[in-house]
Amino acid sequence: MSAAMQGPRRAGVVDLGTQSAVLAAGELAETGAVEVLLEAARLPALGRSLAATGQLEPDDVARAAAALEELAALSLGAGCPLREVIGTAVFRRATNGAVAARALAEAAGAPVRIVTGEEEARLAHAGASAGRPDALVVDVGGGSTELVTDGGRWACSEIGRAHV
């Protein structure tokens, strides 16, 4: 094992959705266990104009960029460089989602990875089941809802709080 890979590693990840930006920053031990060191959230309402225009509008992207800059600074302050931003349903739905993701990656100082509904469901289950693989996880977001169980059974609806 290289010296760079020995010992615990620290990183932050942001879940950026239709309404919220949620940071989890932590330390990964060699055992695979994660100790969460910092959690923070902001409500930039990135998808505020999405239903009306089909796009992520400049003002909405600017609010999300400011939130990401703030969360990246908080993460770094905890000794956890921001590794990635997970882009969810808001990016999948917007006609300019990929363009907005590139602009937001620059603001965050980390790549924005736009995930599929299936991956969003899998990540929700991994994060919420806390060692209970038999758990049913329901993740109601601003732009989508995922249900996922053990064994990888999942469903993703592109309907969330912002659409109800």
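What separates Arg 63 and Asp 60 in helix H2? The two residues are three apart in that helix, so about one helical turn lies between them. This report describes a predicted model, starting with that pair and moving on to the strands, the other salt bridges and the nonpolar core.

## A pair within helix H2

Arg 63 and Asp 60 form a salt bridge, with their closest N and O atoms 2.5 Å apart. Asp 60 has a relative accessible area of 3%, under the 20% limit, and is therefore buried. Arg 63 is partly exposed because its relative accessibility is 27%, a value between the 20% and 50% limits.

Strand E1 covers residues 9-16 and strand E2 covers residues 21-28; the two run antiparallel and are joined by eight bridges. Four residues lie between E1 and E2, and the two strands form a hairpin.

E2 also pairs with strand E3 (residues 34-42), again in the antiparallel sense and over eight bridges. Here Glu 27 has Glu 35 in E3 as its bridge partner. The hairpin of E2 and E3 has five residues between its strands, and in this hairpin Gly 32 takes a positive phi near 95°.

## Leu 37 in strand E3

Leu 37 belongs to strand E3. Its relative accessibility of 33% places Leu 37 in the partly exposed class. The C-alpha atoms of Leu 37 and Ala 24 are 7.8 Å apart in space, while the residues are 13 apart in sequence. Setting aside neighbours within four places in sequence, Leu 37 contacts Arg 10, Ala 25, Gly 26, Glu 27 and Cys 80. Two residues from that list, Arg 10 and Glu 27, also meet each other in a salt bridge.

## Salt bridges between elements

The structure holds five salt bridges. In one of them, the side chains of Arg 10 and Glu 27 meet at 3.4 Å, N to O. This pair links distant parts of the chain: Arg 10 is in strand E1 and Glu 27 in strand E2, 17 residues apart. Arg 10 is partly exposed, with 35% relative accessibility.

Arg 42 and Glu 70 form another salt bridge, with 2.8 Å between the closest N and O atoms. This pair also links distant parts of the chain, as Arg 42 is in strand E3 and Glu 70 in helix H2 (residues 58-77), 28 residues apart. Both ends are partly exposed: Arg 42 has 25% relative accessibility, and Glu 70 has a relative accessible area of 38%. Elsewhere, Glu 84, Arg 113 and Glu 119 are linked in a network of salt bridges.

## The largest nonpolar core

In soluble globular proteins, nonpolar side chains tend to be buried together. The largest nonpolar core of this model has 29 residues, of which Val 14, Leu 16, Leu 46, Phe 91 and Leu 104 touch the most other members. Two or more residues of this core come from each of E1, E2, H2, strand E4 (82-87), helix H3 (89-93) and helix H4 (97-108).

Leu 16 shows which parts of the chain meet around one of these core residues. Beyond its neighbours within four places in sequence, Leu 16 is in contact with Ala 21, Pro 44, Leu 46, Leu 68, Val 85, Ile 86, Gly 87, Thr 88, Val 90, Phe 91 and Leu 104. Among these contacts, Leu 46, Phe 91 and Leu 104 are also named with Leu 16 as core residues that touch the most other members.

Conventions
Residues are numbered from 1 along each chain as its sequence is written. This is a predicted model: local features need pLDDT of at least 70, side-chain atom pairs count only at pLDDT 80 or more; totals for chains, interfaces and linings use all residues. Side-chain values use heavy atoms; hydrogens and water are left out. Two strands pair if DSSP finds at least two bridges between them. A salt bridge is a side-chain nitrogen of Lys or Arg within 4 Å of a carboxyl oxygen of Asp or Glu. Buried means under 20% relative accessible area, exposed over 50%, partly exposed in between (1.4 Å probe, protein chains only). Contact means heavy atoms within 4.5 Å. A nonpolar core is a set of buried Ala, Val, Leu, Ile, Met, Phe, Trp, Tyr and Cys residues joined through side-chain atoms within 4.5 Å.
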